[in-house]
Every structure is written in C-alpha cells, then in structure tokens.
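Hi there,

Here is the structure I promised to pass on to you. Have a look at it first, and my notes follow below.

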Amino acid sequence: MSEWWTYSLSDFLLFSPRTYYRLFELYNLAVWPWHILAVTLGLAVVALWLLGRAWHGRLVALILAACWLWVAWVYLLLRYDTINWAASYFALGFAVEVLLLVWTGLIRNRLRLRPVGDVAGASGLYVLIFALSAWPLIGLLVGRPWAQVEVFGVAPDPTVVGTLGVLIAADRPHWVLLVIPLLWCAISGATLWAMQSPDALLLPGAALLALVTAGWKSASRRRQASPDTGRPV
Amino acid sequence: MGQMPPLSRRRLLRSLAAAGAAALLRPPVASAQPDRILTKPIASSGEALPVVGLGSWITFNVGDDVVARDGCAQVMRAFFAAGGRMIDSSPMYGSSQKVIGYGLDKLDRPPRLFSADKVWISSAGRGPAQIEASRQAWGVARFDLLQVHNLLTWEPHLRTLLAMKAAGQVRYVGITTSEGRRHGEVERIMRTQPLDFVQVTYNMLDREVEDRILPLARDRGIAVIINRPFREGDLIRKVERHPLPGWAAEIDCASWAQIILKFIVSHPGVTCAIPATTRADHVRENMAAARGRMPDAGMRARMAAHVEKL
C-alpha cells in the first residue's frame, strides 16, 4: 500500500457507530447473566490483591486469562467477526495474551502486585476499579442506552483496561504482557476516534499510564541494579 | 440477473435516447421525461443502466442483526421500486454481501438486479475461491460485473476475470480505485486492458477524474461508476446547513443530495453513481435524482462554483 499516507482513520472503519454499539446490545442480551460472574471475578482480583496472600498472583493471572479467553472467543470471534474481517486476527492476539498470562502468572508465578499504599499499586487499583465500576457507566453518560453497556470480562475494552490496572500495579515491568493490551488500546482507540465517540481517549489514556509506570519501574530496577549509582541496592 | 443483450445500432440508439441524450449531446439544459428514469448505455454492450445505483460500503455491514438486515432489505425494496438496478459490494465490506443476499431473498430475487462485486485479496491464487464465496453470499447464478478492488494484485486477478468473462461466468469486468489514488496506474490499465467498467471517486469537490480518467473512458468505451458521491456523508453535512440555491428548481432538485448526484451523473463520461444509505427515504430521494431535467455544462460549472464557496 504505497499510498498509505492518503488514507485517513475513517477509511479503515468498516461499520457505522450504530452497528458497532448495536452489536454490544445483541451480545449482552445473548450472554446474560455472564456479566454477573465476570464482574464477580473482577472483584475477586481486587480482593486477592488487598488480601496480599503469597499465591494471589497465580489466581489473578488465571482470572484475567479466563476473561481474555472469553472475550477472544465469544465476542471477537463469534460476534465482532461478523462486521470486521480483522476480528479473527484480534482474537488470535487475545489468545496469545491468555497464554502469556498463564505462563507468566500461573506457571512461573511472576505476576505479583504491589501493596496499594505504593503509588504504582494505588494507581493500578484505581484503574482496575475504574474498569470494573465506571466503564459500564460511560456509555450511559454519553447517551448510549444501558443495553449497550461494556462490562469487564465481557467486552474487550474494559477487560483490557482492567488488565492494564493489574500490570500497572505489578512489582516489575511486564513488557511482554503489555504489548497486546497496548496494541488493543491503539486499535480500539482509533476505531472509537474514527467513530467520533466521546470516550475515544480513555483507552489511549490508560495505555499511556501503563507505559509510563512500566518505564518508571524499568528505570528504577536499572538504578537499583547498577553499582555505580551510589544509590542503595 | 438479466441476459447480456446483443449490441446493435438500433439498441445503441435506443439506449442513447433513453439516456435523454442529455449528457452525451450536451443541450443547454438536458431534459428527460419526469416519469422516466435516466439511463446510460454500458459502452461495451449498449445495455442501459439507470444512472443511480446503490453502494453497500459501511451501510450494509450490519452483521447478523435481523432488525438491521430487514432495514437494508427495505432500502433495497425502495431502490428497485424506484427503478434501480446496480448494487455494488465487495468482500472488503464485512457482512455486506450476505446482507445483500438476505435482502434479495426477501425481495424474491428482483430480475432487474445488476450485481456488481469485486475481488479483493492479495493472493492471486485465492481470487477464484473468494469470488465463489461472494457469489454464494449474494445467492446469484453469476455476477453481472466483477471488478479488481483498489487494484490489489490487479494483473492476475484481471486475467482471472477476463477468463471468467470469456467462459460466460461474468458479463463485465472492471477495476476500482477511490479518493484519487493511483490514477496514473488506472489510466495505464484503461489504455492497455479490455475493461468494461472503471470505478472512481467523483463529486463536486473531488474532480480530478474530469481531467484524464473520464475523457479516456469515453475514448476507450469504458463505463464509469462513481463511488463516494457524498464523501461518506461529509459533503452532505457540509452543504445542508445552507439553503437550496434558487437554480435547484431549474434542474428539478428538491434536496442537496439530488444536486450532488445530478452534478455527477450529468457528466458525459459518467455512467452511474452508487450512493450508499441505510434509509429507504434517502434511497427514494437519491433515485429521484435520476429523473427530471439534468444540468448542462454551464449549469454544472455554476453548481461546482456554488458548492466550493460554501
């Protein structure tokens, strides 16, 4: 596509906003009451985090992996694919994230969350709680009907943002786990932007916060690892 | 789907007359009988096509939503009832092809249909399979027109389409581009390949094709389909804030959509435009642009100048 610079975002938009949000309406209707279980799983992540048991990371990774798998299969592959031929590729990306979460968090037990008193820990917790509780209200606030709400563990955007919250709060930068959520923030954010959705900047905002905190954690770890800095290791 | 008529001098003359001869002969103000839909001949066959068709980009990509699918079927019903024939789609347009097939089933397969689709895949070898999948989605015995979408892998795909045409598996072949892209390559293909159709973007603000593509199409006997006549609605939104100009009545236009469409289809090099919509009332409004008086060259210049100033 040598003339790529001649394309605008709207040239890649295959559907109307009406069709896009109507898809959520029909999807919500079809999978209800999975929403209750999904939100309960999200609250369980918060509870595990606050309790801070040694094995919390494994369970958090397992819950997130289950949510990503559901979204990949039931939403992206079975629903979104009917209006977007790229959805099967997105589903593949989500499936890869499932494997990464299982490998990193469940098998290797490398996904540990900082205490909420820590700045990164508190930021991550707020982002996760925002994804769980505030995200479904955004549609209502901008005038979309309640039937089209997007719920953590059911719809991709709040699931990705909730996952970013966990990764923001992780005790180390998980760049490999961040790649696919960040890509999704770019893709879905661009889609919402092209549709002129008022909430289009939320996903890029969450992605930016995750990038900044991951970068800060990487820099901190490098400083701590360096014997020349004079700083306490 | 209609049969390809033989091209005879009588038929060609009749087609020209049906077109009102307006655009081709350029009278001061083209006239057409108000109750008859304006048609233009496909140059390679003489077959008459109504100058307004129906696009499906975005508007017909509604997935499995039965309510929205029924809405699209209503759009198609209004289109055929108003005398329309050409519906255009592509495998790039998500579920649009299946939605068209759904609508055609609902309408008991209107015999007036002129089915136009595209091949859009980077793999040359998978082109025939994609075309077959598209044919099944529409539920037609064969397409009237198949085009290479956006010139993607155009050489092998065009060979495939020409072979299909020779075998009677498609009636016409063509190429498409949009929004002014790769016009130089389009020209080269128009000069060297036996095309029946070319599809490009043209409207009051995107007029690059007037310089070379449209004159070349007339010289080479290639029918021209115009996509994005409303710039995906942006052009309508831009002009509808302003009152209709007084001269609109002189060319039987009751809306900005009709002004925009009449400007396009009155160009002598244009065969038809394919506006897309989700609303049956908009289809009727668009189809009305294929009736009544057409603008002449002087009026067309006035129209373009007026819109450019808005």
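A definition to start with: a residue is buried if 20 or more other C-beta atoms lie within 10 Å of its own, exposed if 12 or fewer, and partly exposed in between. Please keep in mind that this is a predicted model.

That cut-off settles the case of B:Leu151: it has 18 other C-beta atoms within 10 Å, so it is partly exposed. You will find B:Leu151 in the loop that links strand 5 (143–148) to helix 6 (154–166) of chain B. Leaving aside residues up to four places away in sequence, B:Leu151 touches B:Ile175, B:Thr177, B:Arg182 and B:Glu185. B:Phe263 lies 112 residues from B:Leu151 along the chain, and 27 Å separates their C-alpha atoms.

Now for the sheet in chain B. Its seven strands are arranged as an open sheet with parallel pairing, in the order 3-4-5-6-7-8-9. Strand 3 (86–88) and strand 9 (272–273) of chain B each have a single partner strand, so they stand at the edges with one side lacking a neighbour in the sheet. Within the sheet, strand 7 (residues 197–201) and strand 8 (residues 223–227) of chain B run parallel and are joined by five bridges. There, B:Val200 is found opposite B:Ile226 of strand 8.

Chain B also has a helix pair to look at. The axes of helix 4 (residues 96–106) and helix 5 (residues 127–138) of chain B cross at roughly 35° and come within 7 Å. On the helix 4 side, B:Gln97, B:Lys98, B:Ile100, B:Gly101 and B:Leu104 take part, meeting B:Ser134, B:Ala137 and B:Trp138 of helix 5. Sorted by class, this contact has four nonpolar, three polar and one charged residues.

Chain A is built from eight helices and zero strands. Its C-alpha atoms fill a box of roughly 55 × 45 × 30 Å along the principal axes. For 233 residues, a compact globule would have a radius of gyration near 17 Å, and the 18 Å of chain A agrees with that. Buried residues account for 39% of the 233 residues in chain A. Of the contacts in chain A with a separation of 6 or more, 71% are between residues 24 or more positions apart.

Happy exploring!

Definitions and conventions. Residues numbered from 1 in each chain as written. Chains lettered and ligands numbered in written order. Predicted model: local features only at pLDDT ≥ 70, side-chain atom pairs only at ≥ 80, totals over all residues. Pairing = 2+ DSSP bridges. Helix = DSSP H or I, 4+ residues; strand = E, 2+ residues; numbered from the N terminus. Contact = placed C-beta atoms within 7 Å. Axes fitted to C-alpha atoms, helices over the stretch in contact; angles between N-to-C directions. Nonpolar A, V, L, I, M, F, W, Y, C, P; charged D, E, K, R; others polar. Rg over C-alpha atoms; globule rule 2.2 N^0.38 Å.
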